[in-house]
Amino acid sequence: MLLCAHKSADMQRLTLLLFFFTASIAGATAQNTGTLTGSVRDKLTQEALIGVSVKLENTELGAATDAEGNFRIAGIPPRSYNVSFSYLGYSTQIKYNVVITTGNSGQLNIELDPDSKTLNEVVVSENRSVRIASVESPLSIQNLSVEEIKSNPGGNFDISRVVQALPGVGGVAGTGGGFRNDLIIRGGGPSENVFYLDGVEIPVINHFTTQGAAGGPTGMLNVSFIEDATLSTSAFGARYDNALSSVLQFRQRDGNPERLQGNIRVGASETALTAEGPLGKKNSRTTFLASARRSYLQLLFEAIGLPIRPDYWDFQYKITHRFDAKTTLTVLGVGAIDDFYFEAPKEATPENLYILSSVPGVVQWNYTQGFALKRLINNGYWNLTLSRNMLDNQLDQFADNTDGRQQDESKRILGIQSQEIENKLRFDYNRFAGAWKFSAGASAQYVKYNNNAYTRLRAEIRDSLGNVVQPARESRFSTAIDFFKFGVFGQVNRTFFQERLGVSVGIRADGNTFTDTGSDPLRTISPRVGLSYAVASDWKINASVGRYYKTPLYTVLGFRDSTGALVNSNQPYLRSDHYVAGLEYVPSRILRFTLEGFYKQYADYPVSAFDGVSLANRGGGFGILGNERVLATGTGEAYGLELFAQQKLNNNLYFTGSYTLFWSRFSNADSQKIASAWDNRHLLSLLAGYKLGRNWEVGVKYRLQGGVPYTPLDLEASRLNYATIGTGVLDNSRLNSLRLGNFSQLDLRIDKKWNFRRFTLDVFLDIQNALNTVNPAPPDYTFQRTPDGKSFATTDGRPLRADAGNAIPLLLQDAEGSLLPSIGLVLEF
């Protein structure tokens with residue numbers, strides 16, 4: 001939280017007047033027009049649909065799809081539209097808030113559902129495009145369009161941050177999600193989520209990721225690639241493994257098949273370049289998307305005197321090749337290079353010096369490379385996916401580290417050099433027969449993990465007479481493991497009673513060749529059932545029950561004790577049972593309301609053998625999760641209610657609102673369930689946007705999260721250990737016994753677009769925490785320093801004693817708000 005407060009205080013000094021100079025720009029005229037292209041397919045068979053009517057609502061503009069299912073509409077005045085897709089025998093679908101510009105051609109890839117039949121003269125197929133749920137996933141599912149991601153106030157084009165406005169999604173204790181992108185979903189920890197990009201699993205979606213938990217301070221996916229994002233918080237399809245709390249799927253668009261185009265995005269902290277087009281002649285069967293992004297936060301922080309230097313690059317690409325009408329190959333990749341380091345601060349304040357010793361330096365790189373082959377068959381299709389991902393993670397932390405990159409090994413607290421490598425092969429087969437849908441598949445993975453690790457848990461402390469007050473405790477090991485993982489699944493969906501009732505039944509089993517019981521897939525049989533009943537055309541009752549398993553973290557499996565033994569090879573798969581029921585009310589094509597109740601029950605959760613704390617309480621900070629001996633004795637539960645309301649773009653206004661009331665409790669070494677570190681109780685999110693004339697748009701977002709529990713400091717242990725481990729020591733005998741106050745934040749955003757003949761300029765002003773609200777965080781423990789910051793002040797004026805008996809303890813409280821204004825632009829060409 002101190003990092004965020006420092007950043008805020010100086011960012012407020014940046015001028016906001018630059019935003020308004022653009023008001024004098026002229027030349028964007030009504031004669032400049034844009035283009036919309038795309039394709040339409042049958043959702044079940046993936047076959048191209050010929051003759052689909054595509055229409056821009058409230059205009060005379062439209063087109064019909066050709067023999068390959070493609071369409072093109074030219075001469076469109078630049079602004080936002082709702083676009084309808086209608087075809088005989090299929091339900092009409094509307095894409096809301098499609099922004100047309102002159103700089104880039106818009107693109108939409110649509111899948112239409114076969115039309116439903118009438119029910120007692122009530123037409124179920126009446127347009128309900130705002131609905132997202134399916135027979136397979138009848139509830140606990142939300143979708144974000146690309147425009148909802150781009151224009152999200154406070155989102156900073158970061159998909160990981162934008163989804164925190166959805167129901168049931170919270171942030172990390174002490175930051176409320178305002179600084180990090182950890183996804184805390186329905187009371188589960190940040191390691192319980194999985195991510196897919198066009199069907200390829202991507203374990204890392206954030207820069208400076210926490211190994212074992214996937215969170216980080218900023219996302220690494222380029223929003224210019226994204227067509228939409230879908231978040232499922234329960235009722236997961238059987239094809240997805242390792243998900244205990246959520247599955248987040250990103251669907252990328254294809255590159256423009258007609259011409260080369262792109263955009264340059266310049267923000268307060270980074271610059272990104274994106275290019276796309278055909279590979280070969282116009283309307284080639286092969287298209288590409290490619291981007292690179294560079295941070296310059298390190299230069300800004302150096303200029304304003306902060307000791308942290310976050311520096312990163314990321315890269316992303318997608319190539320799509322259509323061999324013929326039935327076979328498509330997609331090649332994609334995403335990667336990042338991260339360097340989080342320190343320099344001696346210009347001002348030796350207690351806050352700056354605490355940052356130096358309490359946060360590890362990070363040198364990290366990662367990538368995911370995937371190949372996905374899709375082949376259409378009679379009444380169905382199959383997918384074959386081959387991918388490889390790798391994370392290289394180096395962490396270095398030193399006590400009283402005022403020397404930047406100069407490493408004094410006697411002060412080392414943490415040293416990690418670790419790699420995770422996964423090679424994955426997945427196959428799924430999908431077939432349809434009347435009202436029946438069948439899916440089945442298998443997966444195989446080859447995993448390699450290695451780690452050279454040192455952790456100082458406690459230093460040896462002696463009193464003035466030389467007596468040992470506290471013995472040294474440290475962990476030092478080197479490990480390298482490799483093994484196979486495998487899984488199979490099957491799922492059947494069926495509608496009954498003229499599609500009034502939908503039933504989905506799925507089953508999955510997984511195994512591995514490493515853990516003691518991993519070779520027996522019968523131990524991980526995970527059935528799931530989903531039900532949906534249409535009471536009327538606008539009302540549905542939905543329910544699901546499912547059991548889900550997750551492989552223990554590689555950081556846990558690879559840990560070795562002082563004898564070199566792999567002490568965690570006996571770990572079972574983590575288990576979570578979900579019970580969810582809810583109502584969905586869709587009174588019109590633009591409005592949707594949902595009410596859901598959920599209960600999640602956990603078993604075999606790992607608990608630290610060192611301090612007795614469940615790993616369910618960890619993973620929300622910098623570093624590494626699970627690098628220790630654990631016991632699979634933990635249990636837990638999370639339960640609550642969610643209310644969600646949404647209006648798609650109508651009369652220039654769109655909004656969403658959600659409220660979640662929940663409890664999250666996990667057991668520790670004593671087997672007693674207590675409030676977890678994610679037990680906010682209350683999550684409120686309100687988001688609205690309004691389209692003004694002349695391509696102006698304003699947006700506002702308000703979030704409120706109940707205060708989370710936290711553990712108080714053990715002041716005596718903190719005094720003994722601070723000088724050697726760089727932080728205070730928590731009193732785990734009072735684990736999560738205190739609770740912070742509420743977190744709240746109001747974010748504002750203003751966008752203005754100018755459409756010239758060949759390019760579009762979008763200038764935006766984004767203000768995070770516009771009310772400058774002071775949000776609570778746990779206190780940080782440190783010692784008072786001398787005025788020059790080079791040594792510790794003491795009660796007797798002498799050097800700090802080994803037992804720190806003459807230290808002057810200091811508790812740092814974050815008393816500043818974190819108002820963060822930023823200005824940026826996007827140039828489309």
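Analyst: Happy to! A residue is called buried when its relative accessible area is under 20%, exposed when over 50%, and partly exposed in between, using a 1.4 Å probe and protein chains only. Helices (H or I, at least four residues) and strands (E, at least two) are DSSP runs, numbered from the N terminus. Please keep in mind that this is a predicted model, where local features need pLDDT of at least 70 and side-chain atom pairs count only at pLDDT 80 or more, while totals for chains, interfaces and linings use all residues. Residues are numbered from 1 along each chain as its sequence is written, and side-chain values use heavy atoms, with hydrogens and water left out.

Let's start with the helix. α5 is mostly covered, with 7 of its 9 residues buried. Those buried residues are Asn352, Leu353, Tyr354, Ile355, Leu356, Ser357 and Ser358.

Asn352 counts as buried because its relative accessible area is 3%. A polar atom of the Asn352 side chain lies 2.9 Å from the backbone oxygen of Glu347. For a sense of scale, Asn352 and Arg285 are 67 residues apart along the chain, and their C-alpha atoms are separated by 55 Å.

Now for the loops. Gly103 lies between β6 (90–99) and β7 (106–112), and its relative accessible area of 0% makes it buried. Leaving out residues up to four places away in sequence, Gly103 touches Arg259, Arg758, Phe759, Thr760, Glu828 and Phe829; contact here means heavy atoms within 4.5 Å. Gly103 and Gly262 are 159 residues apart in sequence, yet their C-alpha atoms are 8.2 Å apart in space.

Two other loop residues have a backbone angle to look at. Phe157, in the loop between α2 (146–150) and α3 (159–162), has phi near 60°, a positive value in a residue other than glycine. Phe157 is buried, with a relative accessible area of 7%. Asn736, in the loop between α7 (715–725) and β42 (738–739), has a positive phi near 55°, and this residue is not glycine either. At a relative accessible area of 13%, Asn736 is buried too.

Methods. Polar contact = N/O pair within 3.5 Å; in protein donor to acceptor, adjacent residues only side chain to side chain.
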